[in-house]
Amino acid sequence: MRFRKIDAKEIQGNLFQMIGSDWMLITAGSLEKHNTMTASWGGAGVLWNKNVTFSFVRPQRYTREFMDAGDVYTLSFYGPAYRNALTLCGTKSGRDVDKVKETGLTPAEAKSGAVYYEEASLVIVCKKIYTQDIDPAGFLVPEVSKNYENHDYHKMYIGEILEVHIKE
Ligand SMILES: Cc1cc2nc3c(=O)[nH]c(=O)nc-3n(C[C@H](O)[C@H](O)[C@H](O)COP(=O)(O)O)c2cc1C
């Protein structure tokens, strides 16, 4: 199956389900050296007159080194057959295992140089346009701070959507 480029407004499906329940991969780096991790927090919407995504990555994630070093990254979504692959990418670090080898996912490069996997059903290519660490001074309710018992506050990445590809 081949990918077809679509407009962000043509994305089908419920993003709450797709991100929160089905999960996505955040992938950054180059084809030669990249890393990927599973994410179930984040979103997509409109900001500064741009279509954007919002991703939240804790400091200890290896993937974050690649996101900080580069300008582009991808969010990619997969069918149920890849649940085990996404579980692995969310429980093992690329510092310890070769996730491509372990999952059998096939890296590919978008026009911008961003890396995704051929097995995805939807790929959103993002350009980093804003980052900010979550500031605990902004927590207004106790249940939010409970997510940070180790004070490992996520960095928020706002990514301008450069390209969206779906499988035909
Ligand atoms: C379902 C699921 C969702 C996750 N969502 C996030 C997330 O949104 N942000 C984050 O920083 N880590 C998240 N994680 C944890 C990372 O995926 C996990 O720590 C991963 O091993 C990091 O890999 P890396 O060190 O190779 O980057 C999630 C894990 C799972 C299983």
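**From the ligand to the core**

Of the 21 residues around the ligand, Y62, T63, G90, S93 and G94 come nearest; a residue counts as near if its C-beta atom, placed from the backbone, lies within 6 Å. This is a predicted model: local features need pLDDT of at least 70, side-chain atom pairs count only at pLDDT 80 or more, and totals for chains, interfaces and linings use all residues. Residues are numbered from 1 along each chain as its sequence is written.

Which element gives the largest share of the shell around the ligand? Strand 3 does, with four residues. Strand 3, strand 5 (50-57), helix 2 (62-69) and helix 3 each supply at least two. Helices (H or I, at least four residues) and strands (E, at least two) are DSSP runs, numbered from the N terminus.

Now take helix 3 (residues 83-91). Its buried residues are A85, L86 and C89. Buried means 20 or more other C-beta atoms within 10 Å of the residue's own, exposed 12 or fewer, and partly exposed in between. The cover over the buried residues includes strand 2 (24-29), strand 3 (34-39) and helix 4 (99-103).

The largest nonpolar core has 33 residues. Such a core is a set of buried Ala, Val, Leu, Ile, Met, Phe, Trp, Tyr and Cys residues joined through C-beta atoms within 7 Å. M24, I26, Y73, A120 and I124 have the most contacts inside it. Strand 9 (residues 122-133) gives the most to this core, five residues.

Conventions: Contact = placed C-beta atoms within 7 Å.
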